[in-house]
Amino acid sequence: MSKAQDPFYIVKEEIQESIDKLQSSFHQWERIRPDNEQRVRLTKELFTNCESIEWQVDELDKAISVAARDPSLYGIDEVELENRRRWTSSARTQVGNVKKAVVAGRENGNSVSAMHRELMRLPDRSNMYTVEDNDDFISSESDRQMLLIRQQDEELDELSASVERIGGVGLTIHEELLAQEKIIDDLGNEMDSTTNRLDFVQKKVAMVMKKASATGQCMMISFLLGLFIILFILVFFT
């Protein structure tokens, strides 16, 4: 499955966008004076967004745990699973650092230096993994993939049965062709034998005819004609 179709990367991108917006709001928050009403409002928003993102990351961890039970079913390997775990850990660290900085700023006033130290610990966005789907989305995708696999198995079974039937028909045709080939060979041998016998008889007759004189030939013809007449009388008049 490509990254564009993998639910992990789809949800991961959404969470990454939420983290980017969280960091943007945090940078805006730190530039506002502690006693400013807008900062108080942003503080509440930051806490709410942090909790929302943490919940989404927790759901991703659950989905990764489900996929880890049978990685081959989801088309991933151990390396990919480890990369996904590292990303969720990194995302959780980023959100936690922002949350700590906001708490520190709220409790200690405008401690800009403390907040900068927290921000320096945030990982670079270019090294971050884009977000995965939540557990429900993974589960539905898993069900869909299992259904597709079952359908493919059924189609393969039908194809296998068809191939076996075609193989059986082919074997039968092959056996019939072998039998017919044997019959044709036997017939050819008999024809060759008969032709040889006819040639032999023709040669003998030719030799006899050459040796016999014209008178002998006439006598032979007369004898044969008389024999034919006798046989004709016996057949039709007796």
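The structure is a predicted model, in which local features need pLDDT of at least 70 and side-chain atom pairs count only at pLDDT 80 or more, while totals for chains, interfaces and linings use all residues. Residues are numbered from 1 along each chain as its sequence is written, and side-chain values use heavy atoms, with hydrogens and water left out.

**Overall make-up**

- The chain holds six helices and zero strands, where helices (H or I, at least four residues) and strands (E, at least two) are DSSP runs numbered from the N terminus.
- Followed along the sequence, the chain has the pattern α-α-α-α-α-α.
- Of the 238 residues of the chain, 27% count as buried, a word that stands for under 20% relative accessible area, with exposed meaning over 50% and partly exposed in between (1.4 Å probe, protein chains only).
- Among the contacts in the chain with a separation of 6 or more, 79% come from residues 24 or more positions apart, and contact here means heavy atoms within 4.5 Å.

**Helix 1 against helix 2**

- The axes of helix 1 and helix 2 come within 10 Å and cross at roughly 160°; such axes are lines fitted to C-alpha atoms, for helices over the stretch in contact, and angles run from 0 to 180 degrees between N-to-C directions.
- Helix 1 and helix 2 are therefore roughly antiparallel to each other, since angles over 145 degrees count as roughly antiparallel, under 35 as roughly parallel, 65 to 115 as roughly perpendicular and the rest as oblique.

**Nonpolar cores**

- The largest nonpolar core has 20 residues, of which I15, L22, F26, I53 and V102 touch the most other members; a nonpolar core is a set of buried Ala, Val, Leu, Ile, Met, Phe, Trp, Tyr and Cys residues joined through side-chain atoms within 4.5 Å.
- Helix 1 (7-30), helix 2 (37-69) and helix 3 (78-108) are the elements that give two or more residues to this core, and helix 2 gives the most, with seven residues.
- A second, separate core consists of seven residues, including I64, A67, Y74 and I76.

- V95 has its place in helix 3 and is buried, because its relative accessible area is 1%.
- Leaving aside neighbours within four places in sequence, V95 is in contact with I19, L22, C50, I53 and E54.
- E51 lies in helix 2 and counts as partly exposed because its relative accessibility is 49%; E51 and V95 are 44 residues apart in sequence and 8.6 Å apart in space, C-alpha to C-alpha.
- S52 is also found in helix 2 and is partly exposed, with a relative accessible area of 35%, while S52 and I15 are 37 residues apart in sequence and 9.8 Å apart in space, C-alpha to C-alpha.

**Annotated span**

- UniProt, in an unreviewed entry, places the feature "transmembrane region" at residues 218-237; its positions are given in the numbering used here, feature names are shortened, and annotations may be inferred rather than shown by experiment.
- In the model, residues 218-237 are 95% helix and 0% strand, and the end C-alpha atoms of the span lie 28 Å apart.
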